[in-house]
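Here is a short briefing for a first look at this model. Keep the structure open while reading.

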Amino acid sequence: MDKKYTVSSFMQSKVKGDKISMLTAYDYSTAKLLDEAGVECLLVGDSLGMVMLGYDSTLKVTVDDMVHHTKAVARGAKRALVIADMPYLSYHISVEETIKNAGRLIQEGDAQGVKLEGGEEILDKIEALIKAQIPVLGHLGLTPQSVNMMGGYKVQGKSEEQAKQLIADAKLLEKAGVFGIVLECVPKQLADHISKSISIPTIGIGAGNGCDGQVLVIQDMLGMYSDLAPKFVKRYKNTGETMKEGVREYIQEVKSGAFPEDKHSFMLKDDVLEKLY
Ligand SMILES: Nc1nc(=O)c2c([nH]1)NC[C@@H]1CN(c3ccc(C(=O)N[C@@H](CCC(=O)O)C(=O)O)cc3)CN21
Ligand SMILES: CC(C)C(=O)C(=O)O
Ligand SMILES: [Mg+2]
């Protein structure tokens, strides 16, 4: 990936049969590392409320929080496409507020698109954003902002009725003009079927390998966040443990005086030193 990955490149990937890699990022230095590693798409997820701010759900995250973190990620993303989550209640009240809030993520945050959770019930908001020239990524299945209505973070679309609703929602979103859809925690066969039924890319998280791309929370795949342990997380590295090892060594060397060495210190010239005594 050499040049800027755009919303059009994202949609082209499905045509070409190239799988899309997406990861969350919430800050500049992480975004820069992931961009350098070659990830096509960075999601400034509202999961930052849990991972960065320590809340027990995503519901307390504000538009200000999202703008703040999106700015940082956008500065680190030289090539990756940057998408920002619209937080809870920022697109539920009115079309006007929805456009104003999404506009802030684009104008102040420098995101290239926004993601909203839901289907038919938020179609008017999605259509208005697209009319305002703001690219929209859909999000169906387990929608964490509905945790209180769902009664927890549970797999969605297991019954015939729920599965049919999900398929219908995916088609409605496609028709409204979203550039892709995140499918979270839905049975693999249902995600396979949806991915084949629509022409825009599906990005799975706990939705099997039939999706057109995958997304994970970076701290989950690197072992840096342990408050949740969803079945869909694969831990690629244990960076959390590596960090703790480094920090333990630092503490020990501070206490023993082994750190800092002279090579980490600034020295006064001998002639100046002599004049001081
Ligand atoms: N760090 C982090 N990673 C995430 O993936 C994530 C967040 N935070 N915050 C917002 C939501 C919450 N998410 C979650 C949280 C828990 C499960 C979970 O434990 N699910 C059960 C499914 C149980 C069932 O219905 O069978 C599992 O066993 O995976 C799933 C998604 C995904 N999102
Ligand atoms: C897990 C992804 C899809 C997300 O919405 C988030 O990180 O907030
Ligand atoms: Mg989210």
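The buried residues of helix H8 are covered by elements that include helix H6 (123-131), strand E5 (136-141), strand E6 (180-184) and helix H9 (188-197). Contact here means that two C-beta atoms, placed from the backbone, lie within 7 Å. Helices (H or I, at least four residues) and strands (E, at least two) are DSSP runs, numbered from the N terminus.

This is a predicted model: local features need pLDDT of at least 70, side-chain atom pairs count only at pLDDT 80 or more, and totals for chains, interfaces and linings use all residues. Residues are numbered from 1 along each chain as its sequence is written, while chains are lettered from A and ligands numbered from 1 in the order in which they are written.

**Helix H8**

- H8 covers residues 160-176, which is 17 residues.
- From first C-alpha to last, H8 reaches 24 Å, close to the 24 Å expected at 1.5 Å a residue. The expected span is 1.5 Å times one less than the number of residues.
- Leu166, Asp169, Ala170 and Leu173 are buried in H8. Seen down the axis of H8, these buried residues fall within an arc of 100 degrees, so they line one face of the helix. The arc is that of the directions from the helix axis to the C-beta atoms.
- An α-helix has 3.6 residues a turn, so residues three or four places apart point the same way.
- Glu160, Glu161, Lys164, Ala168 and Lys175 are exposed on the other side of H8.
- A residue is buried if 20 or more other C-beta atoms lie within 10 Å of its own, exposed if 12 or fewer, and partly exposed in between, with C-beta atoms placed from the backbone.

**Ligand surroundings**

- Ligand 1 has 17 residues around it, and Ser47, Tyr153, Lys154, Pro230 and Lys231 come nearest. Helix H3 (48-51) and helix H10 (218-221) are the elements that give two or more residues to this shell.
- A residue counts as near a molecule if its C-beta atom, placed from the backbone, lies within 6 Å of it.
- The shell around ligand 1 divides into eleven nonpolar, three polar and three charged residues.
- Residues around ligand 2 include Thr24, Asp46, Ser47, Asp85 and Glu184.
- The shell around ligand 2 has five nonpolar, three polar and three charged residues.
- Ala, Val, Leu, Ile, Met, Phe, Trp, Tyr, Cys and Pro count as nonpolar, Asp, Glu, Lys and Arg as charged, and the others, Gly among them, as polar.

**Backbone details in loops**

- Cys185 is not a glycine, yet has a positive phi of about 50 degrees. Cys185 lies in the loop between E6 and H9. Cys185 is buried, with 21 other C-beta atoms within 10 Å.
- Asp110 also has a positive phi, near 70 degrees, in a residue other than glycine. Its loop runs between helix H5 (95-107) and strand E4 (113-117). Asp110 is partly exposed, with 17 other C-beta atoms within 10 Å.
- A cis peptide bond joins Phe259 and Pro260, with omega about 0 degrees. Pro260 lies in the loop between helix H11 (239-256) and helix H12 (270-276).

**Domains and distances**

- The protein is divided into domain 1 (7-237) and domain 2 (243-276). These bounds come from an automatic or database domain assignment.
- The centres of the two domains, taken over C-alpha atoms, are separated by 46 Å.
- Leu268 is found in the loop between H11 and H12. Leu268 is exposed, with 9 other C-beta atoms within 10 Å.
- Leu268 and Gly141 are 127 residues apart in sequence and 64 Å apart in space, C-alpha to C-alpha.
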